[in-house]
Amino acid sequence: MIFNKRSILSILSCVLIYSSVQAAPKLPGNLEWITNDSDEVFASPKAVKGGKLHSFLLSFPLTLRYVGPDSNGSFRSAILGNKMALVASHPNTSGLFPSLATHWAYSDDNTTMYFKLNPDARWSDGKPVTPDDYVFTLEFMRSKEIIAPWYNTYYSDEIGEVVIYDDYTISVSSSKPRPRNELPSHVALNPTPRHFYKDLTGFVKKYNWSIAPNTGPYQISEIKKGKSITFSRKKDWWAKDLRYYKNRFNVDKIKTTVIRDINLAWEHFKKGKLDIFGLTLPLYWHEKATGEIFDKGYVKKLWFYNDAPQYAYGIWLNQDNPILKDRDVRLGIAYSLNMEKVNQEVLRGDYVRKNNYSSGFGDFTDLSIKARPFDLQKADEHFTKAGWSERGGDGIRIKGNERLSFTVTYGSDLVTSRLVVLKEEYKRAGLELVLRKMDGAASFKSALEKKHDIWWGALGGGDFPQYWGTLHSKNAHKAQTNNLTNTDDAQMDRLIEAFRSAMTTTERTDLAKKIQNLIHYQSAWIPTLETPYGRVGYWRWVQLPDVPGTRIGGPATSAFDFSSSFSTSDGGLFWIDKDIKKETLAAKKKGKSFPVVNVVDTTFKVAD
Amino acid sequence: MMSLFNLNPLTIKKINRFKSIRRGYYSFIIFTLLVLLSCFAEVLVNSRALLVSYEGNLYFPSYGSIIPGRTLGLGYDYETNYRDLQKKLKDSGSGFVIMPIIPYNPYENDLNDSSFPPFPPSFEDSHYLGTDTIGRDVAARLVYGFRTAIFFSLILLVVSYLIGVSIGAAMGYYGGLFDLLFQRIIEIWSNIPFLYVIMIISSIMIPNFFMLIVIVLLFGWIQMTWYMRTVTYKEKAREYVMAAKALGASNSRIIFNHILPNTVSIIITFIPFSIANGIIALTSLDYLGFGLPPPTPSWGELLSQGSNNLESLWIVSSVIVAMTLILVMVTFMGEAIREAFDPKKHTTYE
């Protein structure tokens, strides 16, 4: 199971606190106010405003709320994208930049951040954003009425309080000290309009289809239930001239239509009724994205490498299985995992072998760790060392009455085509792999309950590596925990505890690397493949900056994730050139062609 | 008393009539041949050689344990790649290898570095129907998939008929409360959505071959009971049943020895269609992903691959042609059997 990174981020970033009515509290005198007006700008000065982007959704959202029942659908990120927070994270440098706050400061004990609010900030209904709206976020998120227990707990247990110093200064505290680079993701709240949610009683029903005021670049302007939703750009958006928001969010309207079948959506795209289409899957990029509209240059193709935190894609060996307990067996399995063959001969070499449990985390990632290569000789040595030297009549290794046979549990049809190749390769190594395909949720549940021998899948999410849930012995040998390998190792525990309490970045990166090396040594998690890139096709009237994307965010446009049009951090970089649209449509009628554009952008590609 | 297996003149007449319906008769012969051949698929379609002559020794690897590469002079402990061995021995002249007609098994991936599967049909590589999207031979998967489907269907047929016929006959014969009760049970049972049950079951466990039979059987026995009930009702009222009763025959003797032989024409008429239904059931379950677990070769899985990869026409066309042929043959057989057993042509009493 994969946690949606965006949703976790947004959960973390919309924190609130509650203010006690007191005599005006005093700001600590020694605060060091920080802002950011020097990082690179990632939008293009060539961008022009105007035009309409056509996008699609596979199903109509069940609600316009962003919390409460049924709110966790893919549409949610479009709502959250337009809910700005106090600060945003720079997609290339990962530093903070001003959003609703112009300056920020840290308390010495690493629990509290202070913010100077931008006096220009306005809700979409024209009302100013007040300090009280941040206080209300905490009240809102802690309210039982929103029927969101996870948020109730998070905002009660992890977040402290909001203190108002004056009309433009507040502080938000965390319930415990956190490293400085992680603190903002908890305390940089986004405000909630108190004037709109007067009474939360019956919230779930009352606000199901209401359009709440927001602070972001777009607001919903038209809803055709079951059919389409249109977002319109705010012409006088309060943040439009801020350094990191200038030249972004350019299209006037974004219309997203419900198309229930992906193949049908593809036909719409080919006719020019959708402007952008995600082509990351090999089938789309190599097979479907061919033909006239590509050959004649009407549609451009972009393969954009990014360097974003990756999920821990891999196979998870359950060490409570008596055979898998043996490290030599696990090493044998690692050496006979022929991922390279799958990638090179079935997946067209499009994927990249994952090397490290925590890849894409910048300084936290130890680039010197390399996945063990396919090597039957070494596999044999390790299996033999573990006592599995003999082979039965079917070529599978035996030890006494036991056969070297494991069930691999997985939850997606896409994986079947990889596993059937691996199964044949494993036969050569003398190991039998029994495939157990379940539906996605059932497969993850079976792993959570530790009923698997081997589980194929990924865990992850978040901007910083996390190890406690997946590798600490506290979470081993019990159901409903993420320690899918049942790792129960004193050294690992010590490292993880140190990592969790370390406050300086060098200490933390150092410990993270040690943990990664230990994971590699234990080999209970074996890396598979990752896709550190996004691929899209877009009609030539869609214009992109010179560097057509960002380090964390991927390509500047992505149709499967149309919400990226709104993300305050990295969204809305594209624009539409109406003249080119006219020219292209006219040319298409006459059969005239343009130069074919097929770009591979490696600006942010991590060297092999 | 009639007997099922004694060739009385009436039976001979029926067989002759069946033979005289040409397309049904030939379909029957071809179909039976295919089923028999599929039992020996290992010697026709296999990556294991039929015969290896190496350094004066003869090996027959088709059945039984694997022969590790080391035994045949290749430096590895896993199963010999006989296609490579064939090339090697041909070059060195130290022996020979005879491969089956289709030298691939349905599981192996025949991949290469220069291009990507699916590969189109090629006589040179002996992929007569090409490969699927992961480089497995389509013909091999068709053959083994046929074997699975046909035996699935036959076992399903026998068991569901045993249940359906017994219950149906009992309902018709005893009538009354027993009949009433079972009618209601069947009505309720047949209203349970079959597909949902399968989906639920296969999401919590992986159905294997026999479990799948049991699941399909749960809902498959119903149809036959209705027919049997009706016929038994009719037969029960005939004089020969009364005569048997008068002679003191037990109920089970009357049902199985007297009534059943007289309803056999109905049963036989339905058999071909039940076979077709069995094949279709398994294929659709596999197509939807609720059937046999991968990598079991199956027609449904091929069909689903084919329909997702219409650019590679050989996948979808192979399986559709194969399926159409089999189902047409079964239909012809069914038609001929129905003609041959038509009571209007044979009935000796009114």
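Trainee: In this predicted model, which residues of H1(B) meet which residues of H2(B)?
Mentor: On the H1(B) side they are Phe18(B), Lys19(B) and Ser20(B), and their counterparts in H2(B) are Arg22(B), Gly24(B), Tyr25(B) and Phe28(B).

Trainee: How do the residues of that contact divide into nonpolar, polar and charged?
Mentor: The contact of H1(B) with H2(B) has 3 nonpolar, 2 polar and 2 charged residues.

Trainee: At what angle do the two axes cross?
Mentor: The axes of helix H1 (residues 9-20) and helix H2 (residues 22-39) of chain B cross at roughly 95 degrees, and they come within 5 Å. H1(B) is therefore roughly perpendicular to H2(B), since angles of 65 to 115 degrees count as such.

Trainee: Turning to the sheet, what is the strand order in chain B?
Mentor: The order is E2-E1-E3, in an open sheet of 3 strands with antiparallel pairing.

Trainee: Which are the edge strands?
Mentor: They are strand E2 (57-59) and strand E3 (95-98) of chain B, each of which pairs on one side only. From one strand to the next, the twist averages 15 degrees.

Trainee: How many bridges join E1(B) to E2(B)?
Mentor: Strand E1 (residues 51-54) of chain B is joined to E2(B) by 3 bridges, and the two run antiparallel. Tyr54(B), for instance, has Asn57(B) in E2(B) as its bridge partner.

Trainee: Which helix packs on the sheet?
Mentor: Helix H4 (residues 82-92) of chain B does, touching E1 and E3 of chain B. The direction of H4 makes about 145 degrees with that of E3(B).

Notes
Residues are numbered from 1 along each chain as its sequence is written. Chains are lettered from A and ligands numbered from 1 in the order in which they are written. This is a predicted model: local features need pLDDT of at least 70, side-chain atom pairs count only at pLDDT 80 or more; totals for chains, interfaces and linings use all residues. Side-chain values use heavy atoms; hydrogens and water are left out. Axes are lines fitted to C-alpha atoms, for helices over the stretch in contact, and angles run from 0 to 180 degrees between N-to-C directions. Helices (H or I, at least four residues) and strands (E, at least two) are DSSP runs, numbered from the N terminus. Angles under 35 degrees count as roughly parallel, over 145 as roughly antiparallel, 65 to 115 as roughly perpendicular and the rest as oblique. Contact means heavy atoms within 4.5 Å. Ala, Val, Leu, Ile, Met, Phe, Trp, Tyr, Cys and Pro count as nonpolar, Asp, Glu, Lys and Arg as charged, and the others, Gly among them, as polar. Two strands pair if DSSP finds at least two bridges between them.
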